[in-house]
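Thank you all for coming.

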Amino acid sequence: MSLKLYIGNYNYSSWSLRPWLVLRKAELPFEEEVIDLDVPGFKDKLLALSDAGTVPVLEINGDMLPDSLAISEFCAKAVPNLWPKDAADKAEAIRVTKLMHEGFEAIRREAPMNLRRRTSKPVPQECLDDAAEMVALWDELLSRHDGPFLFNDWSIADAFYTPAATRFASYDLPRTARSDTYISELMSDADFQDWEANAFIETHILPDTDKVNQ
Ligand SMILES: N[C@@H](CCC(=O)N[C@@H](CS)C(=O)NCC(=O)O)C(=O)O
């Protein structure tokens with residue numbers, strides 16, 4: 001099987017990071033190609049890949065599969081153990097993954113992923129509300145499982161919350177001790193650190209994203 005993942009910039013593309021982590025954990029060999037976001041002609045490049053006009057897109061033997069969750073589901077069908085083994089845990093992991101895929105709009109808008117960023121400037125209340133809701137969700141799941149991940153062993157749910165975890169570090173968002181430990185766990189993951197190293201040496205910048213909360 002030939003796999004190539006088209007992604008946005010390492011520093012900013014939270015949607016790209018998610019399936020990239022899933023492919024790494026699946027140990028499926030894949031090539032990757034970065035498409036610089038927000039440069040002239042970038043949208044045409046994305047639309048040439050798929051009608052979605054977004055990254056990530058996974059090329060599977062020449063066929064194009066867009067969307068972070070669809071790509072993650074493809075990996076979960078190809079290899080075992082990317083969702084929890086227990087049926088009830090699996091159903092809940094899918095639910096909280098979809099919650100991240102579809103919701104938490106304020107934290108996404110007001111605290112965009114920006115791995116090179118560290119700031120303590122205040123964020124809008126709606127962003128704090130999203131952060132509090134996310135921490136409550138993590139704490140509840142972590143209290144019911146042995147950890148260190150949301151459902152004990154690493155799962156796609158943790159991939160989906162990894163970019164969110166980086167926002168707590170970048171924007172110094174309030175969290176409990178239990179959630180802080182979880183954030184540290186996600187950010188010290190060896191695969192995440194490979195991605196982060198690419199972000200630190202990447203020279204492309206998105207001025208509009210860098211301006212948020214400056
Ligand atoms: N629901 C999609 C969202 C993908 C998305 O919005 N990706 C951003 C980059 S992080 C993008 O391609 N933005 C370019 C654009 O919308 O023009 C997914 O889960 O993959």
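Which of the 16 residues around the ligand come nearest? They are G8, S13, W15, T54 and S68, where a residue counts as near a molecule if its C-beta atom, placed from the backbone, lies within 6 Å of it. Please keep in mind that this is a predicted model, in which local features need pLDDT of at least 70 and side-chain atom pairs count only at pLDDT 80 or more, while totals for chains, interfaces and linings use all residues. Residues are numbered from 1 along each chain as its sequence is written.

Helix 1 (14-26), helix 2 (42-49) and helix 3 (68-78) each supply at least two residues of the shell around the ligand, and helix 1 gives the most, with 3 residues; helices here are DSSP runs of H or I with at least four residues, and strands are runs of E with at least two, numbered from the N terminus.

Helix 1 and helix 3 pack at about 5°, with their axes 9 Å apart, the axes being lines fitted to C-alpha atoms, for helices over the stretch in contact, and angles running from 0 to 180 degrees between N-to-C directions. The two helices are therefore roughly parallel, a term that covers angles under 35 degrees.

Turning to the sheet, we have an open arrangement of 4 strands in the order 2-1-3-4, with mixed pairing, where two strands pair if DSSP finds at least two bridges between them. Strand 1 (residues 3-7) pairs with strand 2 in the parallel sense over 4 bridges, and K4 stands opposite E31 in strand 2.

Conventions. Angles under 35 degrees count as roughly parallel, over 145 as roughly antiparallel, 65 to 115 as roughly perpendicular and the rest as oblique.
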